[in-house]
Amino acid sequence: QVQLVESGGGLVQAGGSLRLSCAASGRTFSNYFMGWFRQAPGKEREFVAAIGWSDSYYFADSVKGRFTVSRDNAKNTVYLQMNSLNPEVTAVYYCADELVRGVKGRWVLAPGRDNNWGEGTKVTVSS
């Protein structure tokens with residue numbers, strides 16, 4: 001069972017930046033995608049970004065051009081760099097491990113990996 005620990009969230013003013021980190025342990029190798037989701041108050045959890053072993057990456061349209069995703073395979077760590085932040089991105093950000101593209105191209109956890117979530121890190125952007 002993989003363990004995912006996010007860090008880097010916090011309070012930032014609009015226009016600022018944050019870098020989230022997610023360290024994975026409990027597995028030695030994965031050629032699946034890792035990624036990030038977020039859940040704002042009163043809303044469903046939504047996809048933000050995903051990155052593959054070979055640095056292929058995908059972003060939600062709402063964050064393209066402002067967010068970047070990277071990974072350090074030696075450290076089993078994935079990062080989410082968030083720039084030009086605005087209050088609309090305020091949410092709890094969750095790391096996810098072993099993502100696949102499901103129905104209609106939506107990013108979901110691979111079968112049998114329903115628990116591959118971190119505890120989340122809260123990001124608050126003030127106006």
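Visitor: Which strand gives the largest share of the lining of the largest pocket?

Guide: A pocket here is an open set of points on a 1 Å grid over the protein atoms alone, where a 1.4 Å probe fits and protein lies on both sides within 12 Å along at least five of seven lines, and lining residues have an atom within 4 Å of a point. In this predicted model, where local features need pLDDT of at least 70 and side-chain atom pairs count only at pLDDT 80 or more, totals for linings use all residues. The largest share of this lining, 3 residues, comes from strand 10, a strand being a DSSP run of E of at least two residues, numbered from the N terminus. Residues are numbered from 1 along each chain as its sequence is written, and hydrogens and water are left out of side-chain values.

Visitor: Which residues line the largest pocket?

Guide: The lining is made by F37, R45, E46, F47, R106, W107, V108, L109 and W117. Two or more of the lining residues come from each of strand 5 (46-51) and strand 10 (107-109).

Visitor: In what order do the 4 strands of the open sheet stand?

Guide: Strands of a sheet pair through backbone hydrogen bonds, either parallel or antiparallel. Two strands count as paired if DSSP finds at least two bridges between them. Here the order is 1-3-8-7, with antiparallel pairing, and the edge strands, each pairing on one side only, are strand 1 (3-7) and strand 7 (67-72).

Visitor: How many bridges join strand 3 to strand 8?

Guide: Strand 3 (residues 18-25) and strand 8 (residues 77-82) run antiparallel and are joined by 6 bridges, and C22 stands opposite V78 in strand 8.
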